[in-house]
Amino acid sequence: GHWLTGRLGAAPLDALVAAILSDAGIGNGVSDDLRESVEGYMLDRPMAPRAAIEPLALAYAFDAHEDGAVLRFRPRGGRSVLTLDEEDLVLPDNGAPLRCVRAQETELPRQASIGFTVACADYRRSAATSRRLVGGSQRSSHADLAVVTDAVAATRRADIWLQDLWVGRERADFTLPPSLLRLSAGDVVTVNTGGLSRLIEVREVVDTEHRAVKGRAIDPGVFAVPLAPAQRPHPEIPPARGPVLGMLMELPRLP
């Protein structure tokens with residue numbers, strides 16, 4: 001039926017990641033939380049499953065975390081799972097309970113581009129670029145991906161990548177008591193300190209007497225950038241092979 005239109009030409013991202021893990025003999029991966037779809041993905045040489053999945057993680061903004069014996073794939077930009085106040089954090093011997101470091105503008109890219117394969121243009125290679133209009137940085141970042149997609153979707157991915165890099169310029173370190181050991185890498189928490197409220201994505205956890213957490217600022221709205229209307233390229237007119245030859249054909253009249 002007509003409801004199949006557009007569904008047979010793409011693969012769900014969770015199924016694609018599961019297929020890569022299955023081909024590598026890895027059976028403890030869980031990718032059910034991934035909700036995007038991929039028009040095509042090419043593995044042109046033998047490679048480790050991590051090398052095959054990392055470009056997808058960059059393009060579609062998800063991370064892999066160990067959850068016990070399970071390797072869990074989670075999209076970035078989830079909702080805050082916990083609100084932490086100053087009294088919830090362990091006070092270190094020296095300094096404040098929350099330590100924040102903000103990267104300089106010159107360390108961040110002003111432009112991000114993604115190389116991709118265009119599905120509706122004879123599978124030619126192309127690139128989509130996102131650029132900040134303000135700022136003093138002159139750096140650029142580029143990722144050449146083996147993803148098959150269109151220019152509109154690739155531009156959206158470049159926008160998300162660039163915006164997320166700038167939001168994540170602020171890093172945060174804090175320590176949690178044993179009562180909050182349920183937090184793990186990939187969780188988003190709200191931290192209220194010094195009269196300010198920050199959304200922090202947990203990136204690294206180290207357990208000693210307490211749980212030391214390293215995170216970065218995150219804005220879930222960055223990952224909800226709307227997709228612009230599709231722009232289909234106009235078909236090219238075949239070149240003329242020579243002048244027109246007109247002939248008069250004397251055929252019987254049609255009744």
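1. In helix 2, the residues A52, I53, L56, A57, A59 and Y60 are buried, where buried means under 20% relative accessible area with a 1.4 Å probe and protein chains only. They cover an arc of only 170 degrees around the axis, which puts them on the same side of helix 2; the arc is that of the directions from the helix axis to the C-beta atoms.

2. This is a predicted model, in which local features need pLDDT of at least 70, side-chain atom pairs count only at pLDDT 80 or more, and totals for chains, interfaces and linings use all residues. Residues are numbered from 1 along each chain as its sequence is written, and side-chain values use heavy atoms, with hydrogens and water left out.

3. Helices (H or I, at least four residues) and strands (E, at least two) are DSSP runs, numbered from the N terminus. After helix 2 comes A61, whose phi is positive, near 55 degrees.

4. An open sheet of six strands runs in the order 7-13-14-15-12-8 with mixed pairing, two strands being paired if DSSP finds at least two bridges between them. Strand 7 (80-85) and strand 8 (98-102) are its edge strands, each pairing on one side only. Strand 14 (residues 196-207) and strand 15 (residues 211-217) pair in the antiparallel sense over seven bridges, and V205 has V213 in strand 15 as its bridge partner.

5. Three strands form another open sheet, in the order 2-6-5 and again with mixed pairing; strand 2 (29-30) and strand 5 (62-67) are the edge strands. Strand 5 pairs with strand 6 (residues 70-75) in the antiparallel sense over six bridges, and the bridge partner of A64 in strand 6 is F73.

Notes:
Buried < 20%, exposed > 50% of the residue type's maximum accessible area, 1.4 Å probe, protein only.
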